[in-house]
Number of protein chains: 2
Amino acid sequence: MSTTIVVNQDVRAELRARAAAFRQRMTAQGTLVVNLVSSPGAGKTSLLQQTALALRDRAKPAVLVGDLATERDAERLAPYLPVAQLTTGGACHLEIPLVETGFDRLNEPCPDLLFIENVGNLVCPASHDLGEHLRVVLLSTTEGDDKPGKYPKMFRTSHALVITKSDLLPHVPFRVDAAREDARKIQPELSLFVTSSYPAEGIAAWCDFLLETLVRLRTGVLPPERK
Amino acid sequence: MSTTIVVNQDVRAELRARAAAFRQRMTAQGTLVVNLVSSPGAGKTSLLQQTALALRDRAKPAVLVGDLATERDAERLAPYLPVAQLTTGGACHLEIPLVETGFDRLNEPCPDLLFIENVGNLVCPASHDLGEHLRVVLLSTTEGDDKPGKYPKMFRTSHALVITKSDLLPHVPFRVDAAREDARKIQPELSLFVTSSYPAEGIAAWCDFLLETLVRLRTGVLPPERK
């Protein structure tokens with residue numbers, strides 16, 4: 001049995017256009033949009049908690065947090081910064097319509113930094129533009145330094161690599177140099193930060209990078225698009 | 001602009017039928033098929049190395065190993081057991097045709113245990129039957145004990161949960177009881193194993209579970225299907 005379905009070829013193009021329009025709107029209001037992507041459990045939520053603490057008095061952050069199910073991450077983040085939970089109902093990545101809706105639900109229409117915590121998945125989110133200025137991939141030291149080459153699209157389309165859980169380096173076979181080299185073979189322009197959230201380490205350099213990028217955005221210099 | 005595409009509604013049904021046929025064929029030849037799923041870097045390859053060592057002289061294993069890119073995992077596994085690398089070229093999960101092709105390329109037509117190391121992804125592989133008898137989800141102690149509720153389909157469709165990297169328990173905020181409770185809310189029949197690969201711990205109980213399941217398979221008792 002077969003059936004005929006009319007597919008509008010412009011569906012993907014329309015989503016790309018909506019993402020570009022969202023980015024343009026955020027640029028115009030001076031909000032830097034940062035899409036955080038990683039495997040499940042790499043530490044996106046913990047990094048955001050530490051980032052919000054470190055940015056206090058220097059910038060106003062907000063976050064949209066994506067999950068397949070539960071509001072666990074939003075509950076963890078609510079004490080630190082304005083948050084809206086995006087629940088995908090099982091989908092493996094966020095798309096721009098959910099981001100637009102979440103942004104409208106946020107109790108903060110003009111943050112300096114708008115973080116989007118994507119679904120924990122090192123594959124599918126690489127293919128979806130959420131209107132971000134920066135895509136930042138997290139890699140925890142416990143995942144192994146061989147991951148960039150195994151998940152190349154995510155690293156190629158990112159602006160920065162944040163290595164997380166550096167506190168565990170004495171206990172795991174992870175070489176920061178090897179991960180950096182593997183990642184830069186794929187994306188030579190990748191900025192690199194080595195961080196730990198418990199205890200907080202390396203957070204200042206990461207926050208400086210965000211604030212410098214924000215300043216450049218407000219003087220009209222946007223990060224290059226990565227595809 | 002729009003275009004008309006004829007979609008064969010039976011594509012998914014055909015894949016399901018092929019997976020069922022593969023399972024039946026493996027059952028008939030006495031091969032237990034085990035689909036290993038997890039986040040990237042949870043330790044599937046290391047667990048397979050330790051499993052192959054522990055099974056030596058007791059059973060003949062083989063493995064099909066899936067990745068988006070590179071043959072890194074196959075290279076790590078080749079010294080331990082017969083292996084065929086399945087490279088998805090960017091796709092976020094394995095499907096049965098790739099498994100069939102890989103099995104034909106294996107230098108071992110009648111293993112006792114056929115492992116399939118899926119792509120590192122806690123979302124998409126949950127929706128694809130690879131003709132396995134057992135689906136086993138790995139969760140590393142470094143990912144956090146809140147993951148089952150956040151990725152419910154993977155845990156609901158699995159037969160066993162292997163907690164990995166128990167050697168790091170003293171260094172991370174992971175409670176085995178909390179993870180077990182969260183997972184069993186979703187799938188009450190989930191078998192649980194707590195393991196470490198460096199150093200090897202808890203591997204014997206996991207291997208006993210595999211061998212007992214193999215014996216039952218050969219007497220006609222298959223694990224229940226999980227959907």
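Why does B:G144 count as buried? With 23 C-beta neighbours inside 10 Å, B:G144 counts as buried, because a residue is buried if 20 or more other C-beta atoms, placed from the backbone, lie within 10 Å of its own, exposed if 12 or fewer, and partly exposed in between. The model described here is predicted: local features need pLDDT of at least 70, side-chain atom pairs count only at pLDDT 80 or more, and totals for chains, interfaces and linings use all residues. Residues are numbered from 1 along each chain as its sequence is written, while chains are lettered from A and ligands numbered from 1 in the order in which they are written.

B:G144 sits in the loop between β6 (134–140) and α5 (147–150) of chain B; helices (H or I, at least four residues) and strands (E, at least two) are DSSP runs, numbered from the N terminus. Leaving aside neighbours within four places in sequence, B:G144 is in contact with A:G41 and B:F174, where contact requires C-beta atoms, placed from the backbone, to lie within 7 Å. A second residue, B:S46, belongs to helix α2 (residues 44–55) of chain B. B:S46 is likewise buried, because 22 C-beta neighbours lie inside 10 Å. Not counting residues up to four places away in sequence, B:S46 touches B:S197 and B:Y198.

Chain B holds an open sheet of 7 strands, ordered β4-β3-β5-β2-β6-β7-β8 with parallel pairing; two strands pair if DSSP finds at least two bridges between them. At the edges stand β4 (83–87) and β8 (191–194) of chain B, each pairing on one side only. From one strand to the next, the twist averages 20°. Within this sheet, strand β3 (residues 61–67) of chain B runs parallel to strand β5 (residues 113–117) of chain B, joined by 5 bridges, and B:V65 stands opposite B:E117 in β5(B). Helix α4 (residues 96–105) of chain B packs on the sheet, touching β3, β4 and β5 of chain B, and its direction makes about 150° with that of β4(B); axes are lines fitted to C-alpha atoms, for helices over the stretch in contact, and angles run from 0 to 180 degrees between N-to-C directions.

In chain A, attention turns to strand β7 (residues 160–164), where 5 of its 5 residues are buried. Strand β6 (residues 134–140) of chain A is joined to β7(A) by 5 bridges in parallel, with A:T164 as the bridge partner of A:S140. β7(A) also pairs in the parallel sense with strand β8 (residues 191–194) of chain A over 4 bridges.

Methods: Contact = placed C-beta atoms within 7 Å.
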